[in-house]
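Below are a few notes for a colleague looking over this model, starting with the pocket and then turning to the helix packing.

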Amino acid sequence: MRFPDAPKPRVAEIVREKFASLASGKIRIYIPTLAENAARDRLHKEFNIVAILD
């Protein structure tokens, strides 16, 4: 788990929001990577925590 101190429901909400914001993209192959990166950046900012690498 990369963000053990972040509440799981909040992480899921952020990831859903990022996927939704990218859903209209024309090149859909990159959506999972873009959503993960955007969600990770937002979690860093929101919880001011450092991710633990898997």
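1. In this predicted model, the largest pocket has a lining of 13 residues, and those lying nearest its centre are Arg2, Phe3, Val11, Val15 and Leu43. The space in the largest pocket comes to about 210 Å³.

2. Two elements, α1 and α2, each give two or more residues to the lining of the largest pocket, and the largest share, five residues, is that of α2. By class, the lining of the largest pocket is made up of nine nonpolar and four charged residues, with no polar ones.

3. Helix α1, covering residues 8–22, packs with helix α2, covering residues 31–47, at an angle of about 135 degrees, and their axes are 9 Å apart. Because of that angle, α1 counts as oblique to α2, and the crossing of the two helices, α1 and α2, is right-handed.

4. On the α1 side, the contact is made by Arg10, Val11, Ile14, Val15, Glu17, Lys18, Phe19 and Leu22, while α2 brings Ile31, Pro32, Leu34, Ala35, Ala38, Ala39, Arg42, Leu43, Glu46 and Phe47 to the contact. Sorted by class, the contact of α1 with α2 holds 13 nonpolar and five charged residues, and no polar residues.

Key: Residues are numbered from 1 along each chain as its sequence is written. This is a predicted model: local features need pLDDT of at least 70, side-chain atom pairs count only at pLDDT 80 or more; totals for chains, interfaces and linings use all residues. Side-chain values use heavy atoms; hydrogens and water are left out. Axes are lines fitted to C-alpha atoms, for helices over the stretch in contact, and angles run from 0 to 180 degrees between N-to-C directions. Helices (H or I, at least four residues) and strands (E, at least two) are DSSP runs, numbered from the N terminus. Angles under 35 degrees count as roughly parallel, over 145 as roughly antiparallel, 65 to 115 as roughly perpendicular and the rest as oblique. A crossing is left-handed if the near helix is turned anticlockwise from the far one by less than a right angle, and right-handed if clockwise. Contact means heavy atoms within 4.5 Å. Ala, Val, Leu, Ile, Met, Phe, Trp, Tyr, Cys and Pro count as nonpolar, Asp, Glu, Lys and Arg as charged, and the others, Gly among them, as polar. On a 1 Å grid over the protein atoms alone, a cavity is a set of points where a 1.4 Å probe fits but cannot get out, and a pocket is an open set with protein on both sides within 12 Å along at least five of seven lines; lining residues have an atom within 4 Å of a point. Grid points are joined across faces, edges and corners, and a volume is the space filled by probe spheres set on the points.
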